[in-house]
Amino acid sequence: MCYAPRVVRIFQTARGLTAGAVLAGVALLGGCSGTASPAMSVTDASIRERTDEAAVVEFVVEASNPNDIELPMRAVVYTLSVDGRRVFSGRRDAQATMPGEGTQTIRSPAVVPCGEDGVTPGVYRYTLRGRVYYSLPSQLADVLFDSNVSRPSVGIGDEGEIDLR
């Protein structure tokens, strides 16, 4: 397990983290390099709602954490392309934690414009690409994440066909 010492103090100046604090934080996180990255797998892509103007496609992603510590998920950023054309980009707060040596389900909706300004009814190839951002369970890791110094993430990817009829 990797936890930053409680004695660590990070001094902030009016302009942000000082160089010394950043270097100390990076040095301390070096000891956390034994934390394995989680794995993401898209297990379902299905239409949840359909009107003449749009279809809502819900992607179900299973996040698997091989570590014995929980990993708080921070954000999910993703894009959906239909027949090679980007139709949706989204960013959501993950609001979940991957349990140690466990899995967590993430549901991410994407709106596909239909009709005159979007795709016409039919079966299409889709591509989903994205990243799940997470942090290590320590106050130092939270500070480094919030400061854009260290933002661990893992990719999401899926391709397939979707029926938009």
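Predicted model: local features only at pLDDT ≥ 70, side-chain atom pairs only at ≥ 80, totals over all residues.
Local features require pLDDT of at least 70, side-chain atom pairs count only at pLDDT 80 or more, and totals for chains, interfaces and linings use all residues. Residues are numbered from 1 along each chain as its sequence is written, and side-chain values use heavy atoms, with hydrogens and water left out.

**Sheet**

- Four strands form an open sheet in the order β6-β5-β8-β9, with antiparallel pairing; strands (E, at least two residues) and helices (H or I, at least four residues) are DSSP runs numbered from the N terminus, and two strands pair if DSSP finds at least two bridges between them.
- The edges are formed by β6 (85-98) and β9 (153-163), each of which pairs on one side only.
- From one strand to the next, the twist averages 20 degrees, where axes are lines fitted to C-alpha atoms, for helices over the stretch in contact, and angles run from 0 to 180 degrees between N-to-C directions.

**Pairing of β5 and β6**

- Eleven bridges join strand β5 (residues 71-82) to β6 in the antiparallel sense.
- Leu71 has Met98 in β6 as its bridge partner.

**Positive phi outside glycine**

- Glu101, which is not a glycine, has a positive phi of about 50 degrees and is placed in the loop between β6 and β7 (102-113).
- Glu101 counts as exposed because its relative accessibility is 63%; exposed means over 50% relative accessible area, buried under 20%, and partly exposed in between (1.4 Å probe, protein chains only).
- Asn148, also a residue other than glycine, has a positive phi near 65 degrees and lies in the loop between α2 (139-146) and β9.
- At 57% relative accessibility, Asn148 is likewise classed as exposed.
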